[in-house]
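Open the model in your viewer and keep the selection panel at hand. The tour starts inside one chain and then moves to the interface.

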Number of protein chains: 2
Amino acid sequence: MGKGEQTRQEIIRKAAPIFNQRGYDGAALSDLMKATGLEKGGIYRHFESKQQLAAEAFDYAWQETLGARIHDLDAVLNTVDRLKRLVANFVERRGAIPGGCPLLNTAVDTDDGNSVLRLRARKALHGLRSYIVLVIHAGIKAQEIRPSIDAKKLASLIISSLEGAIMLCRLERSDEALRAVETHLDSYFEREVRLPAK
Amino acid sequence: MGKGEQTRQEIIRKAAPIFNQRGYDGAALSDLMKATGLEKGGIYRHFESKQQLAAEAFDYAWQETLGARIHDLDAVLNTVDRLKRLVANFVERRGAIPGGCPLLNTAVDTDDGNSVLRLRARKALHGLRSYIVLVIHAGIKAQEIRPSIDAKKLASLIISSLEGAIMLCRLERSDEALRAVETHLDSYFEREVRLPAK
C-alpha cells in the first residue's frame, strides 16, 4: 500500500466515528480536520467530495460493525445456536465504531435524501439479511430449523427488533431493551424455530 | 388564541416536517423560511433559538404520531386485542408527519449530543411505554393477560421491533418488515400473552 493510499485509509478510519456520531449534515469540515489532523486540502486531495468520504466511512464503519456481530459464528455448528450467538453479539459487541449502529444511523439520516449514502445503507441491510437467510436455509436443509420458517421474514424480524432496541438503549443509556429482545428471540427460536430432534 | 400565538403554532406545524425529514443539523434556515413563508426575523421573533423551535416541532410531530397510533384504542375492550390494534396502527397509520417516526428520527439524530432534543425524545419514549405498560397491567388485572408477563419488557419489545421495522421499511420503500413484525407479535400475543379463558 503506497503512502497516499495509507493516508486515504487513515482519513476514512478517523472520519467514520464523526459521521456515525453526528450524521452527514452534522459532520463539519472542522470536525474532520480535527480528527484527521489535516487541512481541508489534505483531506480532499483523496476524495472527490464530502459525500464520497462519507460513503467510504460508512462502508468502513459497517464492515467493523458487521465483523463484530458475525466474526465467531462459523465456529457455532448448529444453525439455531448460530442465530442465538448472532443475537448475543448484537447485544454484547456494540461500539465497534463510536455512535451506535452505522446501519441504523445512516438509514435514518438518509431516508429522505442523500441517495448515495442511502444506497450504501440498503446494501448493508441486504448483506446482513442475506447472511441470516443463508444460515436459516442451511438450518432447514440440516433439519435443525422447521421447514415452515420463512427465512426472509425471520431475518427481517431479527434485524428490526435488534436495531429498534439499539435505538431505545442509546436513548436511555441502558441495555434493558436489547436484553428484552434477546430473551424474547431466544425463547422464540427454541419454541418455534428449532426443529425438535426425532 | 391571539394572532401572535396563531403564527407561532403555524411555524411549529410547518417546521415539524422539515426537522423530521432532515434532522436538526440538516434543517437549514432557508428551508424553514421557505416552509413558513417568513423571514428569519419573523420566525425567531417567536422562538429563542433553533433548538427551541426544533423541540416544539418535535413535541408537535410526536403528538400527531402518537395520536395516530392510539386514537382508537379505547374502543377496543379486550386488552390483548388493544395491543394488537396498537401494532396494526403502527403499521397502517404511518406518515402523520412526513419523514417517518419522529421518535426514531430524533433519538438517532440526538443520541450523541443535543441534550434538549434528546430529553424530549426520551420523554416521548417513556410516555408511549407507560401507555403500553398500563394496558398490560389492566389486562393482568382483568385476567385477560397472563400474570407472568413483565409489562415493561413486553412494552420495550413491542416498541423496539416496530421502530426497527420502520427503519427497514423506509430504507427499502416496502412494508415487508413491518408486516413480518406484526404477524410475529400477533401470534406471540395469542400464544404467550393472552390468558386462556377458564
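**Stop 1: a helix pair in chain A.** Select Phe58(A), Ala61(A), Trp62(A) and Thr65(A) in H4(A); they meet Pro102(A), Leu103(A) and Thr106(A) in H6(A). This is a predicted model. Color the selection by residue class. The contact of H4(A) with H6(A) holds five nonpolar residues, two polar ones and no charged ones.

Two packed helices are described by the angle and the distance between their axes.

**Stop 2: the interface.** Bring chain B into view. How many residues of chain B are in contact with chain A? There are 37, and they touch 37 residues of chain A. Select helices H1 (3-26), H6 (102-110), H7 (115-141), H8 (151-172) and H9 (176-193) of chain B: these are the elements that each give two or more residues to the side touching chain A. Then highlight H8(B). Its 15 residues are the largest share of that side. By class, the side of chain B that touches chain A has 15 nonpolar, eleven polar and eleven charged residues.

**Stop 3: the symmetry.** Superpose chain B on chain A. A rotation of 180 degrees does it, with 0.0 Å of shift along the axis and an RMSD of 0.0 Å. That is how a two-fold axis relates copies. Finally, compare the two sides of the interface. Of the interface residues of chain B, 100% are also interface residues in chain A, so the copies meet through the same surface.

Note on methods: Residues are numbered from 1 along each chain as its sequence is written. Chains are lettered from A and ligands numbered from 1 in the order in which they are written. This is a predicted model: local features need pLDDT of at least 70, side-chain atom pairs count only at pLDDT 80 or more; totals for chains, interfaces and linings use all residues. Copies are superposed by least squares on the C-alpha atoms of residues with pLDDT of at least 70 in both. Two residues are in contact if their C-beta atoms, placed from the backbone, lie within 7 Å. Helices (H or I, at least four residues) and strands (E, at least two) are DSSP runs, numbered from the N terminus. Ala, Val, Leu, Ile, Met, Phe, Trp, Tyr, Cys and Pro count as nonpolar, Asp, Glu, Lys and Arg as charged, and the others, Gly among them, as polar.
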